[in-house]
Amino acid sequence: MPVLLVCLFACEPFRFSPTGLEWKHPKTLYNLANLDSLALDSGGTPRHFKIAVMADSHLWYDELKVAVERINADTSIDLVILAGDFTKFGYADEYDRFTDIFNKLKPPHLVGIGNHDLQADGVTVYRNVFGPTDFSFAYRGVKFIFFDDNARGIKCCVPKFDSLEKELAGAGDSLRIIAVSHAPPLSDQLDTAASERMAGLFAKYKVALSIHGHTHAYAYGADYGGGVPYLVADALNKRNYVAVVLADSSLTVERVYF
Amino acid sequence: MPRDRSSNRTSARTLRLIAFGAILCGSIHADGHRSPLLPDFARLQFAGHAGMVSAGPGYSWWDHRIESGLSYGWVPAFVGDRNIHILSQKNSISLGRLRLGPAFFLEPAMAGFATHFSVGDKYEILLPDSQRDYYWPDGLFFWIFGAAKAGYMFEKPTYLSGVAVMAEVGTINQDIQAYTRNHYVTLDDILSLAISAQFYL
């Protein structure tokens, strides 16, 4: 009885289903809001800047909170990217907990979609919370292309190769390209044909860096041909993020433990 | 849109199933004895991750202290942006009963669990073998709860032998997982309430 009375006042009293779209906040579209702040610095030639890359925070909220504090303490970070899987079940409550922490980041921050985030009504919640799953923008001489490649056995249409190629071609000669998607090639999300097509496109358009998560295991190297470096971030329970520094023509990658 | 049609089909199938169950269970013998298939109670519930409203029949044992029931729940589109249909199987046990006069009773300490299935093409309940190591089926969740119930049993039962209201506080397995892994997630974050009215037949 006392627990009931306390809950009536303390907890969110009534919940109808975890699989709904009961998103508690106004439709903010956080990615689009952050892109607005990046747009101020969209043009020009590649200049020095630093990105913090994370992925697969799932239910590790304590670790995410520490990561956000550590990134906020490093004033040299210009942009934060989380390459998908910030939920485990795709439930709206998980989106809520994640954004409560992640939105405390001081640098502009962007979130890609992962295969777990798509579960249940996840893709609709994602669009309500962050905006489109596929988007691109230019920042300090680099074109960033975020896209959904979580095929999970679906043979058709993921990723959307035609629009991906248009985005890659649209970078032209003046912009370097950084691609961001959750699953790296040859993971369980992408079959061999899709992996080869993706790697082929990245090689054709000389992608400077391809950022991923999904495997929960850090990896960095040109594993899929064409000289394109692929970066896979650890899951966040391993308590590290990756700092990527882009200078005029160079790119350095370093894991930062917390 | 295909998804809406599928959702309507799911609703129709669910309603037919419930109607069939009601006909099967509702048979009363000519001599007035209740069929053993006739449910012991019907429950109407608000919230508790079983839908905004849910309703269904149930059986009870040990003078209604152990109860088990089925229900169909619904989250309407105006609340959840989409019609959500949930089938549930719920069990509870009362750990003690206080008699407040000849008719009133109070059960201050109850415990139980329910298995909820979100049905429809958006949700998975069974996963292929290849995905079981990586995914939990998003349409399947367990509601674990404590509860208290107050009721009134009629001295001369007609259609109903009694009524009760029950208040539950509980959570689902996915939230327990988040709570046990994090200091950040508190009990306040994961607990919620359900209120139900129970009609003893």
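Trainee: How many residue pairs are in polar contact between chain B and chain A?

Mentor: Good place to start! Keep in mind that this model is predicted. Both residues of a pair must have pLDDT 80 or more to be included, and with that condition the count between chain B and chain A is 19 residue pairs.

Trainee: Which helix gives the largest share of the side of chain B that touches chain A?

Mentor: The touching side of chain B divides into 28 nonpolar, eleven polar and ten charged residues. Five residues of that side come from one helix, spanning residues 173-181, and this largest share belongs to helix H3 of chain B.

Trainee: How far apart are the closest N and O atoms of Arg82(B) and Asp121(A)?

Mentor: Three salt bridges are counted between chain B and chain A. A salt bridge needs a side-chain nitrogen of Lys or Arg within 4 Å of a carboxyl oxygen of Asp or Glu. Arg82(B) and Asp121(A) form a salt bridge, with their closest N and O atoms apart by 2.6 Å.

Trainee: What area is buried between chain B and chain A?

Mentor: Let's look at who takes part: 49 residues from chain B and 41 residues from chain A. Carbon and sulfur atoms give 59% of the buried area, and the total is about 3,800 Å².

Trainee: At what angle do the axes of H4(A) and H5(A) cross?

Mentor: Residues of H4(A), including Tyr95(A), meet residues of H5(A), Tyr126(A) among them. H4(A) passes H5(A) in a right-handed crossing. Their axes come within 10 Å and cross at roughly 35°.

Methods: Residues are numbered from 1 along each chain as its sequence is written. Chains are lettered from A and ligands numbered from 1 in the order in which they are written. This is a predicted model: local features need pLDDT of at least 70, side-chain atom pairs count only at pLDDT 80 or more; totals for chains, interfaces and linings use all residues. Side-chain values use heavy atoms; hydrogens and water are left out. Axes are lines fitted to C-alpha atoms, for helices over the stretch in contact, and angles run from 0 to 180 degrees between N-to-C directions. Helices (H or I, at least four residues) and strands (E, at least two) are DSSP runs, numbered from the N terminus. A crossing is left-handed if the near helix is turned anticlockwise from the far one by less than a right angle, and right-handed if clockwise. Contact means heavy atoms within 4.5 Å. Buried area is the accessible area (1.4 Å probe) that two parts lose on being put together, summed over both. A polar contact is a pair of N or O atoms within 3.5 Å; within protein, one must be able to donate a hydrogen and the other to accept it, and residues adjacent in sequence count only if both atoms are side-chain atoms. Ala, Val, Leu, Ile, Met, Phe, Trp, Tyr, Cys and Pro count as nonpolar, Asp, Glu, Lys and Arg as charged, and the others, Gly among them, as polar.
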